[in-house]
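Work through the following exercises with the sequence and the model beside you, and try each task before you read its solution.

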Amino acid sequence: MNDEDRFEALFRATYPRVLAYGRRRLTATVAQDVAAETYVVAWRRRQQLPEGDAVLPWLLAIARRVTANHTRSDRRWRRLRHRLSAEPPLPVVASNGDMPGVRAALTRLSSDDQEILRLAYWDDLSYDEIAAVLSISANSIGVRLHRARQRLRTHLADGQLTQTMEAARGV
Amino acid sequence: VVYEPHIPIDDDLLPLLREANPVLADDLADPHSTAANQILAAAMDQTARRLLRPSRVALRRPRIIGAVAALALVALIATAATYTLVVNWNRHAGTSSALDCVASDQADAHITFDPRADNPVEACRRAWPHLFGTPAPGSLTACVDGSPQGSIKVYLGDIGVCQANGASSYGGATPEQRRLADFRDDLTAQLPEHGCIPYDALQHTVEATLAKHRLQGWSITPYENTGVPTRTGGCANVAFIDEPKRMIVLIAGLAETTKQ
């Protein structure tokens, strides 16, 4: 099997999850761009492609960097547009009213906490895979996840209190 | 106000988190869809670029000692000439809308770049902490690599790093590259966020926008290598812009046009 065939097989096997990674963090259109850029980089580094199960975290680590770069550019663009048009900046992530505050609470966490929770519970990665994506020790993942969950619970509780108070005030 | 928290314990929190997942397992994309094929084709398009990179040519061992000495002399002269050329010669990039920030042999990042408003070193310096998780190093140098597409690479170190990597120092953006950046913005503004543009209409728009920005010698061509039909109906979009070849590549047969 030559490089092209190997890469296409890898692409077909991983594309749904790489795209989903983007869709869980960005708009659908931007997620497509991030997936595209991820595979451009992967192709460029194909000599360093890991074997077997290590491929997906390797790709997601690339996608994470591409996403960070995009988010930074997007923030710059929004600031510029805001200055030029004086229109209010768009919210980065809208909370879903059907989900009682979980997504809203997530957005109130630090980006590190958000990312580890999403990798674990949305992207369904193992501790070892999360460690590979984040380039940190696998031993620390359990502790980090636990702390992130604790903080998420705190924000969920805050959200419930706010909702209860607003309901009591008839807001 | 009666506050009755029902803060979920871990076992309850996990299902909540999973339910909040915006993309469930059933919603995963088809890896054989048109969009997937488009992305694969765009990634593999790097093939041609990589294959065209200068390759190392193995030298045959000369049989005569005199020939060895002559070769050594030629090599010495060539090295000196190359050094002079590379160190003193600023080169314009062949591809001006993106660049690579290179942290090491194992870590680089591809970022977009606006040749009108930015310089490569500052672009990498700002992005560095986000890309590599460390503060930007003190010394970075912008180079143009030896590939036919002439990519901008920002390396750690001073001007000597360009030579060390077989590259030339970056000579800034050309007037045409600035007009090309204007062209990209203008074309993007003309394309709808969503909807459908037929191939011919898109081609007409691209032609008019090229002329408006005085980009001469550019061609418009359909993308034939994606495994999807081109120029046979459906919606069209710009697949990519091949700056070194002065080529705008369009793709058709899409279900919907989305802004690139």
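## Exercise 1: A loop residue

A:Arg24 has a relative accessible area of 10% and is therefore buried, where buried means under 20% relative accessible area, exposed over 50%, and partly exposed in between, with a 1.4 Å probe and protein chains only. This is a predicted model, in which local features need pLDDT of at least 70, side-chain atom pairs count only at pLDDT 80 or more, and totals for chains, interfaces and linings use all residues. Residues are numbered from 1 along each chain as its sequence is written, chains are lettered from A and ligands numbered from 1 in the order in which they are written, and side-chain values use heavy atoms, with hydrogens and water left out.

Task: Find where A:Arg24 lies, and list which residues A:Arg24 touches, not counting residues up to four places away in sequence.

Solution. Begin with the position: A:Arg24 belongs to the loop between helix H1 (3–23) and H2 of chain A. Helices (H or I, at least four residues) and strands (E, at least two) are DSSP runs, numbered from the N terminus. Next come the contacts, a contact being heavy atoms within 4.5 Å. Leaving aside residues up to four places away in sequence, A:Arg24 touches A:Arg118, A:Trp122 and A:Asp123, and also B:Asn21, B:Pro22, B:Val23 and B:Leu28.

## Exercise 2: The disulfides

Task: Determine how many disulfides a search of the whole structure finds, and describe the pairing of the bonded cysteines of chain B.

Solution. Over all chains, three disulfides are found.

- Step one: B:Cys101 is joined to B:Cys124, with an S to S distance of 2.0 Å. This pair links distant parts of the chain, 23 residues apart, since B:Cys101 sits in strand E2 (residues 98–102) and B:Cys124 in helix H5 (residues 120–132) of chain B. The link of B:Cys101 and B:Cys124 is left-handed, with -95° about the S-S bond, and both cysteines are buried.
- Step two: B:Cys143 is joined to B:Cys162, again by a disulfide, with S to S 2.0 Å. Here strand E4 (residues 140–144) of chain B holds B:Cys143 and helix H6 (residues 160–164) of chain B holds B:Cys162, 19 residues apart. Both B:Cys143 and B:Cys162 are buried, and their link is left-handed, at -85° about the S-S bond.
- Step three: B:Cys196 is joined to B:Cys235, with S to S 2.1 Å. B:Cys196 lies in the loop between strand E7 (194–195) and helix H8 (199–212), and B:Cys235 in strand E9 (residues 235–242) of chain B, 39 residues apart. The torsion about the S-S bond of B:Cys196 and B:Cys235 is about -110°, so this disulfide is left-handed. B:Cys196 has 45% relative accessibility and so counts as partly exposed, whereas B:Cys235, at 3% relative accessible area, is buried.

Finally, when the bonded cysteines of chain B are numbered in sequence order, the pairing reads 1-2, 3-4, 5-6.

## Exercise 3: A sheet in chain B

Task: Give the order of the six strands in the open sheet of chain B, and explain why one side of E1 and of E3 is left without a neighbour in the sheet.

Solution. Two strands pair if DSSP finds at least two bridges between them. The order of the open sheet in chain B is E1-E6-E4-E5-E2-E3, with mixed pairing. Strand E1 (90–91) and strand E3 (108–112) of chain B stand at the edges and have a single partner strand each, so one side of each is left without a neighbour in the sheet. Further in, E4(B) and strand E5 (residues 152–156) of chain B run antiparallel and are joined by five bridges; B:Ala142 has B:Val154 as its bridge partner in E5(B).

## Exercise 4: Nonpolar cores

Task: Find how many residues the largest nonpolar core has, and which helix supplies the largest share of this core.

Solution. A nonpolar core is a set of buried Ala, Val, Leu, Ile, Met, Phe, Trp, Tyr and Cys residues joined through side-chain atoms within 4.5 Å. The largest has 55 residues, and those with the most contacts inside it are A:Phe7, A:Tyr15, A:Tyr39, A:Leu117 and A:Leu152. Helix H2 (residues 28–44) of chain A supplies the largest share of this core, 10 residues. Another core, of 19 residues, lies apart from it and includes B:Ala93, B:Ala123, B:Cys124 and B:Ala173.

Methods:
Disulfide = S-S within 2.5 Å.
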